Structures are given as C-alpha cells and as structure tokens.
Amino acid sequence: MKKSILTVGLLILGLATFAQDTDNDNEEYELKGTEKQGYIITKDDKKIEGIVKLVGGSTAPWKNQKKVKFIAKENIDLTKKKQKFSKMDADDMKEYVAIEDSVERHFRLIKFTNKREAISSGGGLGAQIKTIKNLSHTTHMAEVIVDGPITMYRLYGYPAPVAVGNSDVAEMEAANQNLIDNPDILVQKGDDKPKELTAADIRKLVSDCPAVAEKLANNGFSTYDPAREEKKKSAMGKLIKGELDRGGSKLLDMGTQIFPEYNATCNTTASK
C-alpha cells in the first residue's frame, strides 16, 4: 500500500514539475525590420504563420519538444515596438518551423517511448521522477533532420526535475549534460513507427533503392564502412557496438549523408 502511494506521489510530482518547466508567459519580442517567418500546423490542420521561436536553448533543448512560442502574423501590431508571445503545447499541434538566427528548425509530432533513458536514470528521488517522465511522455515534437520517404529525427530525453543532496545534484548535472550531448537519433521509413537508428539498420533501410544500395556496398559513402558495419558480431558485440555508436555524431553523420540521397534518388520508386 505504502509503495503504491509513493509511486502515485512520484508520478504526480513528476507531472507537476514537468508542467512548471516553462518560460515567462509575459515574454515580449522586439520585431526586426526584415524577419523570416515560420509556421505552426495545429492538430486541426490549421496553418498559423508568423514569428515562431524556440522555447528551449542549448541548455534545455528538450523544452522544444513540448512547447513553442509564436506571434501570429495577423496579431502583429506594427505600431508597437514590442509584441507579446503566445505559446502552444505539443498536444495542440502537429508540426512547426521556428526561425533561430535565420536558420529553420523543423519539428514534427511523433509517438515514441524513450525506454533507454528511463532505465538509465540512476538512483535518488530525482532519478525516479525522471524515469516516470520519460516513460509517461510518449508524444513529442521531434526535430526533423532529414525529411522524405526516410525521415530522421533528433529527440532528447527529459531530465530529472529535482535533486536532494550534493551527490544527487552532481549526478543530475552530469546526466543533464549527457542528455544534451547524446540525443537519440530516430528513423522512420514511410508509415512505420519511429525507432532508434542503429548503424546495422542502414543497409536494410536503403536496400529497395538499387543505386544507393550499390553505392553503400561499394564504400561510396565516407561515413559508412561496409567491412566494419556489416561484420558479423555476437549478441553482446552488437549491444556494445550499438552503445558506442550512440556517442558522438556517428549516426547523425551517416543519416545526413545517406538518407537525403536515398530520398532524392528513390522518392517515387522505392517501396515502403
């Protein structure tokens, strides 16, 4: 009974702290002379154009997966120097493109349970809440890195919202930095569900596009070495390699080089 009460309490605390992890609701924005505008596609397929900005910076990129701030074009008052942002939650939209430093950042709603991050949360109260957060939040605005018949996303895990004691604080800070440095790279082919990308998936993903498959087999992509990536390994060897591949930019580099060529070459001929 006590364990059930504790679990429910942790769940409520996890959801509450997640809801509180927001920016200032009264934030204002100063319009620039010539500014590129983004857009939001709502859950009702309505397109809202205007000033669209990310809510999470480099130290909290996971915030962009749950919320976006914007000023609808029709609400821009050119007689005022500053405009007030509105915010929209992930539950109310399907897609958005924000403009940051003149660069388009494209996000799309996906369903994915980050089990890896949930089971690697460590100990302590904060870690328990982190586990609940990553298991209970299954819809995200994931960043689109490659778009097309094969789509690749970047998705961050969610951090622990609280820490108790110096050791917990140090552990939480290290865990947060790991989340920032090592986001999940997901892949989706056609109408399949998004899943974690592994180097072992690449060959199968492009196998129905002869030109790209042949180029891959002939060592035609600098990011992919067939002799190394397709070498047979034991189950433990595959597991170790998979974890090593997640660190750094290896999977991101492979996907951004290989998948756009697949999409351009076999956009209409490749089967799902």
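The legends below accompany close-up views of a predicted model.

**View 1. The chain as a whole, with its helices, strands and surface.** The predicted chain contains nine helices and twelve strands, and 42% of its 272 residues count as buried. Among the contacts in the chain with a separation of 6 or more, 65% are made by residues 24 or more positions apart. The chain exposes about 15,100 Å², of which carbon and sulfur atoms supply 52%.

View 2. The strands follow the order β6-β4-β3-β2-β7-β8-β9-β10-β11-β12, and their pairing is antiparallel. At the edges stand β6 (86–89) and β12 (195–196), each of which has a single partner strand, so that one side of each is left without a neighbour in the sheet.

**View 3. The hairpin of β2 and β3.** Strand β2 (residues 38–42) runs antiparallel to β3, and four bridges join the two; within this pairing, Ile41 has Lys47 in β3 as its bridge partner. Four residues lie between the two strands of the hairpin, and in this turn Asp45 adopts a positive phi of about 65 degrees.

**View 4. Strand β3 and its pairing with β4.** Of the seven residues of strand β3 (residues 47–53), five are buried, so the strand is largely enclosed by the rest of the structure. Four bridges also connect β3 with strand β4 (residues 67–72), again in the antiparallel sense. Along this pairing, Gly50 stands opposite Ala72 in β4, while Lys53 stands opposite Lys69 in β4.

**View 5. The contact of helix α6 with helix α9.** The axes of helix α6 (residues 210–217) and helix α9 (residues 250–265) come within 9 Å and cross at roughly 150 degrees. Because angles over 145 degrees count as roughly antiparallel, α6 and α9 are described as roughly antiparallel to each other. On the α6 side the contact involves Ala211, Val212, Lys215 and Leu216, which meet Ile258, Glu261, Tyr262 and Thr265 in α9. By residue class, the contact of α6 with α9 divides into five nonpolar residues, one polar residue and two charged residues.

Conventions. Residues numbered from 1 in each chain as written. Predicted model: local features only at pLDDT ≥ 70, side-chain atom pairs only at ≥ 80, totals over all residues. Heavy atoms only, no water. Axes fitted to C-alpha atoms, helices over the stretch in contact; angles between N-to-C directions. Parallel < 35°, antiparallel > 145°, perpendicular 65-115°, else oblique. Contact = heavy atoms within 4.5 Å. Nonpolar A, V, L, I, M, F, W, Y, C, P; charged D, E, K, R; others polar. Buried < 20%, exposed > 50% of the residue type's maximum accessible area, 1.4 Å probe, protein only. Pairing = 2+ DSSP bridges. Areas by Shrake-Rupley, 256 points an atom, 1.4 Å probe, with all protein chains shown as cover.
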